[in-house]
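This report concerns one protein chain and the surroundings of selected residues in it. The sequence and the structure are shown first.

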Amino acid sequence: MEEKQQEVKKEYKCKYCGEAFGKPLLLAHHVRAKHKRAKKREKKGLSVEKMSEQINKTIEAIGILKGLQVSPHLSDEEKKVLGEVSKRIEELLAFIQKSK
Ligand SMILES: [Zn+2]
């Protein structure tokens, strides 16, 4: 009788929803069936977050370039180069935001 009680006590809890299973195999099946998708979505959400972080940094960089462009210490040639560089980055940014 005592032995049986100990067996019942042994359970494997799902780390996602807390549901308990008698065997590790059952738990693995449960996780695969119920949580695999959620896990993938989580990953995707993270990369979208990183992407918008990158976009924000790029927008900042364009702002810096545009600030430099009006600096009195630059020659017309240098200003022209800066203008072209920031235009190129802006185009890339617009392309990324469109395809997002
Ligand atoms: Zn679960």
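Val 81 is found in helix H4 of this predicted model. Val 81 counts as partly exposed because 13 C-beta neighbours lie inside 10 Å, and a residue is called exposed only at 12 or fewer. Between Val 81 and Gln 69 there are 9.0 Å in space, C-alpha to C-alpha, and 12 residues in sequence.

Gln 69 belongs to helix H3, which covers residues 36–69. Gln 69 has 16 other C-beta atoms within 10 Å and is therefore partly exposed. When neighbours within four places in sequence are left aside, Gln 69 is in contact with Lys 79, Leu 82 and Gly 83. For one of these residues, Lys 79, the C-alpha atom lies 5.2 Å from that of Gln 69, at a separation of 10 residues in sequence.

Helix H4 itself comprises residues 76–99 and includes Lys 87. Which class of exposure does Lys 87 have? Lys 87 is exposed, because the count of other C-beta atoms within 10 Å is 12, and the exposed class takes in residues with 12 or fewer. Leu 65 is 22 residues from Lys 87 in sequence, and their C-alpha atoms are 9.9 Å apart.

Ile 96 is also found in H4. The number of C-beta neighbours inside 10 Å of Ile 96 is 13, so Ile 96 counts as partly exposed. Its C-alpha atom is separated by 9.6 Å from that of Met 51, a residue 45 positions away along the chain.

The C-alpha pairs described above are collected here.

| Residue pair | Separation in sequence | C-alpha to C-alpha distance |
|---|---|---|
| Val 81 and Gln 69 | 12 residues | 9.0 Å |
| Gln 69 and Lys 79 | 10 residues | 5.2 Å |
| Lys 87 and Leu 65 | 22 residues | 9.9 Å |
| Ile 96 and Met 51 | 45 residues | 9.6 Å |

Of the 100 residues in the chain, 0% are buried. Among contacts with a separation of 6 or more, 27% come from residues 24 or more positions apart.

Note on methods:
Residues are numbered from 1 along each chain as its sequence is written. This is a predicted model: local features need pLDDT of at least 70, side-chain atom pairs count only at pLDDT 80 or more; totals for chains, interfaces and linings use all residues. Helices (H or I, at least four residues) and strands (E, at least two) are DSSP runs, numbered from the N terminus. A residue is buried if 20 or more other C-beta atoms lie within 10 Å of its own, exposed if 12 or fewer, and partly exposed in between; C-beta atoms are placed from the backbone. Two residues are in contact if their C-beta atoms, placed from the backbone, lie within 7 Å.
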